[in-house]
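Subject: Structure handover

Hello,

Please find the structure below, with the sequence. My notes on what was found in it follow.

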Amino acid sequence: MGSASNEKMGSLLAGLPARFTAKVCEIASRTKKLGQDDPRRITHSLKVGFAITLVSLFYYYQPLYDSFGASAMWAVVTVILVFEFSVGATLGKGLNRGLATLVAGALGIGAHHLASLFGHIGEPILLGVFVFLQAATSTFIRFFPKIKARYDYGLLIFILTFSLISVSGFRDDEVLELAHKRLSTIFIGCSACVIVTILVFPVWAGEDLHNLIASNTEKLGDFLEGFGSQYFRTLEDSAESKDDKAFLLGYKSVLNSKCSEESLANFARWEPGHGRFSFRHPWTQYLKVGALVRQCAYRIEALHGRLITADTQVSPVILNRIEESCTKLSLETGKALKALASDFRTMTKSTSADPHIANAKAAAKSLKSLLKSGLWEDIDLLEVVPAATVGSLLLDVVNCTEKIVESVYELGSLANFETVEATVSPEKSHELENICSDKQNPKMDCPHVIISIADESPPVLPVNIGKTGQQVHEV
């Protein structure tokens, strides 16, 4: 019995180095992936370390320590609490902490002075009343949604500072010096955070929000572009691997993006103007666009559910009747969303999405006529319902896409997006493609198109079609 236990223990000890090595490799792999997913995380970590080291000099350097004493540690604490990933979050917490400390310090000194007028018996009673009233009132104010979103941290610091100064002043006569040192060190800590976060590889919450909305819109376009071909796939396509359908699952991250968007919009309001984002940038309109994109994503979630059960619930006869309209509707809607996302990402206003919206509306009209026709009278109702459900969901998606386009156009007007005009209309572009593909004219060869750009030149028709088939457009 003892030998068996010893053998078991020996095997465990023998395998311990291997397990330890595997665990270390796993942690290293996760750490590497975390840094590769967003390299800004590494930069942020270095920035925090630099800021803390910087303010620590007030504690290490003797002349500075003589000025602030042990209160210099509040600068280090401030950096730890205030420094956030983005500029907006750091500025928001820094201003909240600074203003709350200033106001609470002034009120705390006033409360201490007023309570001291009532003698040694009345002073602690009155201070207790003041602390109770400000703590209860500030805590209740924190329940207001708008206050909680932007000033919750400031209210917490207000309660802490007021209580600290008013209560400490009862035992310490130098309450004014205490408030001064605390306010000074917090100001130093906040200043260090703001300077480092803005000047050293800044991360702008507004830019992250802008890219998030554009990415979410593009993910919906990817799904809709591939939905038609996947839903109406032939029997040969049914053996396609699941890896080829990974793009159909990108929309799922859009469903849970509300908290991230609201948080980024809240931080972006604190940020100064940077790049093409002005100080009074319409961040509220971004939330409106994000909400419409999520509404569209919910309908796409229902479409994905129909995609999973397509083989077992829909008759092939019905699929053949609605395939053309549904496929075109889905494809054009996806192209509209991707074109809109591209313009939105570059902060430009153009009509590149409008032709696709028009084509989607035409397909939607055709699908409505087909659903209202009498083609379904001789077919079992249980076979019609799934197809009608898919058609109805696609019609809803078109309506949602129209609202998204209108909302983005409104945002472009409010944010002064750069206007980009198409030099060649979609109809003209289609005509040029037909000319190039005309097999009846062997002399016409169109290998490529050269576009020369000249400033302040009005758009003209294609000119100088040479023997080599090169077409020159002047814009």
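Leaving aside neighbours within four places in sequence, A51 is in contact with V79, F83 and V196, where contact means heavy atoms within 4.5 Å. A51 sits in helix α2 (residues 40-60); helices here are DSSP runs of H or I of at least four residues, strands are runs of E of at least two, and both are numbered from the N terminus. With a relative accessibility of 0%, A51 counts as buried (buried is under 20% relative accessible area, exposed is over 50%, and partly exposed is in between, using a 1.4 Å probe and protein chains only). The C-alpha atoms of A51 and I195 are separated by 9.2 Å, although the two residues are 144 apart along the chain.

Some background before the rest. The model is predicted, so local features need pLDDT of at least 70 and side-chain atom pairs count only at pLDDT 80 or more, while totals for chains, interfaces and linings use all residues. Residues are numbered from 1 along each chain as its sequence is written, and side-chain values use heavy atoms, with hydrogens and water left out.

On confidence: the mean pLDDT of the protein is 79, and 78% of its residues reach 70 or more (pLDDT is the predictor's confidence in each residue, from 0 to 100).

Two helix pairs are listed next. Helix α9 (residues 205-231) packs with helix α11 (residues 258-268) at an angle of about 150°, their axes being 8 Å apart. Axes are lines fitted to C-alpha atoms, for helices over the stretch in contact, and angles run from 0 to 180 degrees between N-to-C directions. The pair is therefore roughly antiparallel (under 35 degrees counts as roughly parallel, over 145 as roughly antiparallel, 65 to 115 as roughly perpendicular, and the rest as oblique). From α9, residues A205, G206, D208, L209, L212, I213 and N216 meet S260, E261, L264, A265, F267 and A268 of α11. The residues of this contact comprise 8 nonpolar, 3 polar and 2 charged (Ala, Val, Leu, Ile, Met, Phe, Trp, Tyr, Cys and Pro count as nonpolar, Asp, Glu, Lys and Arg as charged, and the others, Gly among them, as polar).

Helix α4 (residues 73-82) and helix α5 (residues 87-116) pack at about 140°, with axes 9 Å apart, which makes α4 oblique to α5. W74, V77, T78, L81 and V82 of α4 meet T90, K93, G94 and R97 of α5. That contact divides into 4 nonpolar, 3 polar and 2 charged residues.

Two residues have backbone angles to check. Most residues other than glycine have a negative phi. M347, not a glycine, has a positive phi of about 55°, and N416, also not a glycine, has one of about 60°. M347 lies in the loop between α14 (316-345) and β1 (348-349) and is buried, at 5% relative accessible area. N416 is in the loop between α16 (381-414) and β2 (418-419) and counts as exposed, at 61%.

Lastly, S325 is in helix α14 and is buried at 11% relative accessibility. Beyond four places in sequence, S325 is in contact with A363, S366 and L367.

Regards
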